[in-house]
Amino acid sequence: MGLSGISLLTTTYSLILQHQSLLLCLRAKGFGLDLKKDMEGVDYLSDERKKAQFDVEAMKIAWAGSLEAFQLSDRMAKLVANDPAFEKFTRPMLGRKELIKNTLRKAAHGWKLIVDLRLTEEEAKWLRLYIDEPAYTDLHWGMFIPAIEGQGTEEQKKKWLPLAKKMQIIGCYAQTELGHGSNVQGLETTATFDPQTDEFIMHSPTLTSSKWWPGGLGKASTHAVVYARLIVGGEFHGVHGFIVQLRSLDDHSPLPGVTVGDIGMKFGNGAYNTMDNGVLRFDHVRIPRDQMLMRVSQVTREGKIMQSDVPRQLIYGTMVYVRQTIVADASKALSRAVCIATRYSAIRRQFGSRNGGPETQVIDYKTQQSRLFPLLASAYAFRFVGEWLKWLYTDVKERLAANDFSTLPEAHACTAGLKSLTTSFTADGIEECRKLCGGHGYLVSSGLPELFAVYIPACTYEGDNVVLLLQVARFLVKTVSELGYKKPVGTTAYMGRVASLMQNNCAVQTAEGWLNPGAVVEAFESRAARMAVRCGQQLAKYENPEEGFAELSADLVEASIAHCQLIVVSKFIEKLQQDIPGKGVKQTLEVLCYVYALFLLHKHQGDFLATGYLTPKQASLANDQLRTLYSKVRPNAITLVDSFNYTDHYLGSILGRYDGNVYPKLYEAAWKDPLNDSDVVDGFYEYVQPILKQKLRTAKL
Ligand SMILES: CCCCCCCCCC/C=C\CCCC(=O)SCCNC(=O)CCNC(=O)[C@H](O)C(C)(C)COP(=O)(O)OP(=O)(O)OC[C@H]1O[C@@H](n2cnc3c(N)ncnc32)[C@H](O)[C@@H]1OP(=O)(O)O
Ligand SMILES: Cc1cc2nc3c(=O)[nH]c(=O)nc-3n(C[C@H](O)[C@H](O)[C@H](O)COP(=O)(O)OP(=O)(O)OC[C@H]3O[C@@H](n4cnc5c(N)ncnc54)[C@H](O)[C@@H]3O)c2cc1C
């Protein structure tokens with residue numbers, strides 16, 4: 001094949017696809033073809049992009065939340081993508097020590113950019129996000145600083161926050177222990193007040209009291225907010241946070257009485273192993289009294305405990321904050337996986353060739369659509385519920401600052417429930433995206449294995465997802481039990497209409513009838529209310545409510561999921577009631593909203609049928625409508641994922657490349673693997689050749 005033959009290959013998209021494998025063969029066999037030259041600059045997804053029925057630039061703004069948010073995020077994404085210091089392709093191949101050093105280097109480079117470019121805190125947050133490498137800085141900015149902000153007195157904030165914000169100290173959040181994580185009141189580390197020296201003595205009395213898991217603790221942190229049992233005058237006064245210095249600010253060595261290190265490798269290559277999750281023990285370490293975070297309770301010089309008006313639950317406030325950010329992160333992780341799987345599904349072809357024509361794009365298979373499009377719709381749903389949750393948290397924070405604690409229980413239930421719902425779904429969704437990409441999805445260069453490995457602990461950290469749903473269940477049971485005399489508000493306001501929600505059944509008669517926000521919301525409200533009330537009725541049969549709660553906990557978890565799904569569906573619908581500019585943007589989002597709701601209705605139809613709200617016929621009509629909706633998503637699929645505005649650097653996936661130039665890049669990447677540095681593998685002469693050359697004496701073989 002001559003050069004003219006090669007240039008011919010670039011003329012049409014389908015021809016190129018057919019000839020790619022041939023080109024690759026030629027190169028492998030030493031024909032010297034320059035694939036880079038032949039394939040680069042071509043947009044293999046351009047035909048897909050032409051199908052868009054909405055204004056992509058406007059959708060990018062809708063996804064980002066505002067023009068300003070879009071511009072800021074876009075600026076930071078490009079800053080990172082264009083800086084070779086943030087290369088991450090080789091990460092999964094690094095050993096642990098190299099990995100951590102590499103992460104420290106990136107964090108230092110990131111900090112230099114933040115200082116040199118005078119980035120705002122918001123810009124810095126996005127910069128860290130796009131660096132896309134879990135690091136001690138996540139915990140320093142994401143938990144250590146918020147813990148001091150939320151639980152410190154004004155004086156404490158004045159002293160510690162400037163040091164932390166200038167990174168003159170590095171902090172982590174040391175709550176979990178070897179023996180207890182979920183049960184915070186079961187923590188064993190002690191902080192005993194010594195009135196003689198006006199100090200607390202931090203101590204780890206048992207092996208199980210060793211702090212275990214805190215990110216950034218293992219190798220980087222100089223300080224920690226340590227959660228410990230406050231003991232004053234020999235009595236236990238609950239678990240509180242204490243600021244404790246762990247390492248020297250000169251040479252970083254552990255201070256006397258402090259034993260600290262890393263807990264070892266975690267799931268996956270690269271992935272979360274860039275984080276130094278640590279172990280920490282105290283042997284009677286003394287800290288000044290004013291290092292107990294004292295917004296909730298104070299210990300005086302004389303050893304008296306003073307309670308402020310602030311509720312004890314505020315000690316858990318940092319978790320409320322972080323759970324809210326984790327919901328926002330779920331939409332990022334899911335949208336990333338969906339972007340990879342959608343683009344690749346449009347490139348990948350299998351079967352269906354007629355008369356030598358191109359095979360079918362796998363995205364056109366209805367089964368592929370029924371697995372992929374609900375994930376795409378969920379990414380948007382989580383984005384909008386995350387936006388709402390941020391608003392809710394900001395509102396609660398302002399109220400707390402003004403000593404109004406009335407909305408804290410709802411904020412706790414919403415953050416706990418939505419954290420659980422979105423992270424569980426996202427973890428499963430990333431794995432589904434891997435399967436949607438067939439064999440190539442299993443390659444590290446697809447970006448999906450590392451994304452999965454990094455993401456799955458989100459189902460556990462910041463509260464195990466089942467434990468958190470049980471918190472929602474307590475909130476729901478309480479709401480139901482108070483219905484007779486207290487009007488439910490906020491996300492449980494629908495319970496105020498419990499009588500009609502229990503009585504009225506679904507009125508939908510046709511598949512089109514499901515394209516009605518009122519019908520959809522009523523279905524989810526009725527299901528959630530009926531499940532919660534049913535649990536309440538069952539619980540009432542037990543003499544001991546705690547025993548009943550434990551016995552019914554699996555049903556209570558289901559009721560909590562129904563309630564949380566209702567929140568996500570309602571917030572998506574509310575979003576669509578706002579003004580959303582751009583040709584076709586609102587209409588396309590409406591389609592996604594119905595996909596999200598009807599997919600859930602189909603998946604959980606057992607609930608809807610068992611509660612008696614739906615008939616089997618109505619459930620079947622919803623499924624008919626869902627199929628029609630998938631056809632409406634299809635032409636917009638690629639541009640809907642383009643609207644996430646992810647750079648190729650952030651996606652970190654050959655399958656998800658913006659230009660769709662998948663096969664040559666996969667091929668190229670394989671040759672970059674260190675294993676291909678030589679033709680004859682290391683170890684051949686020691687371990688393989690002797691086998692090949694052996695003279696077997698046994699008759700059997
Ligand atoms: C690159 C960008 C980065 C962005 C940023 C961020 C950083 C991010 C991610 C980093 C990655 C990982 C970080 C992970 C960090 C961690 O994991 S930290 C450790 C987290 N640990 C947990 O979440 C423990 C889970 N357990 C609990 O939360 C509680 O103990 C539990 C809720 C289970 C309650 O246990 P109980 O013993 O039953 O409860 P009590 O303590 O007695 O309290 C009961 C009452 O308190 C109310 N409550 C409970 N929690 C809260 C809360 N958080 N806020 C408000 N109120 C709360 C509860 O409703 C009860 O109230 P009532 O008495 O009914 O009125
Ligand atoms: C990657 C990662 C990073 C972390 N970072 C930090 C950090 O920075 N700082 C920090 O302090 N901690 C951190 N943690 C710890 C984390 O917060 C805890 O692991 C988490 O809260 C779960 O607690 P656990 O490990 O005690 O789980 P367990 O409570 O032991 O859970 C084990 C099982 O028991 C079930 N279970 C527990 N209690 C109940 C119940 N009451 N009813 C029904 N089922 C129950 C759970 O559902 C689960 O299936 C991190 C953890 C991970 C994995």
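Q: Why is Arg289 called partly exposed?
A: Arg289 has 19 C-beta neighbours inside 10 Å. A residue is buried if 20 or more other C-beta atoms lie within 10 Å of its own, exposed if 12 or fewer, and partly exposed in between, with C-beta atoms placed from the backbone. So 19 puts Arg289 in the in-between class.

Q: What kind of model is this, and what pLDDT do local features need?
A: It's a predicted model: local features need pLDDT of at least 70, side-chain atom pairs count only at pLDDT 80 or more, and totals for chains, interfaces and linings use all residues. As for labels, residues are numbered from 1 along each chain as its sequence is written, while chains are lettered from A and ligands numbered from 1 in the order in which they are written.

Q: What makes the place of Arg289 a loop between strands, and which residues is Arg289 in contact with?
A: Helices (H or I, at least four residues) and strands (E, at least two) are DSSP runs, numbered from the N terminus. Arg289 lies between two such strands, β9 (285-288) and β10 (297-299). Contact means C-beta atoms, placed from the backbone, within 7 Å. Leaving aside neighbours within four places in sequence, Arg289 touches Asp198, Glu199, Phe200 and Val299 on that test.

Q: What is listed for Glu462 in UniProt, and what is its phi?
A: An unreviewed UniProt entry lists Glu462 under "active site". UniProt positions are given in the numbering used here, feature names are shortened, and annotations may be inferred rather than shown by experiment. The phi of Glu462 is near 60 degrees, a positive value in a residue other than glycine. His252 also has a positive phi, near 70 degrees. His252 counts as partly exposed, with 13 C-beta neighbours inside 10 Å, and lies in the loop between β6 (235-245) and β7 (258-262).

Q: What makes a residue part of the shell around ligand 2, and which come closest?
A: A residue is near a molecule or strand if its C-beta atom, placed from the backbone, lies within 6 Å of it. Ligand 2 has 22 residues around it, the closest being Gln175, Thr176, Gly181, Ser182 and Trp213. Helix α15 gives the most, with 3 residues.

Q: How many residues are around ligand 1, and which come nearest?
A: There are 28, with Gly142, Val184, Gln313, Tyr316 and Gly463 nearest. Here α11 is the top contributor, giving 4 residues. At least three residues come from each of domain 2 (171-310) and domain 3 (316-642); those bounds come from an automatic or database domain assignment.

Q: Why is the reach of α15 called close to the expected one?
A: The expected span of a helix is 1.5 Å times one less than its number of residues. With 17 residues, α15 is expected to span 24 Å, and it reaches 24 Å from its first C-alpha to its last. Its buried residues include Asn465, Leu468 and Phe475, and what covers the buried residues includes α13, α17 (517-539) and α19 (553-576).

Note on methods:
Contact = placed C-beta atoms within 7 Å.
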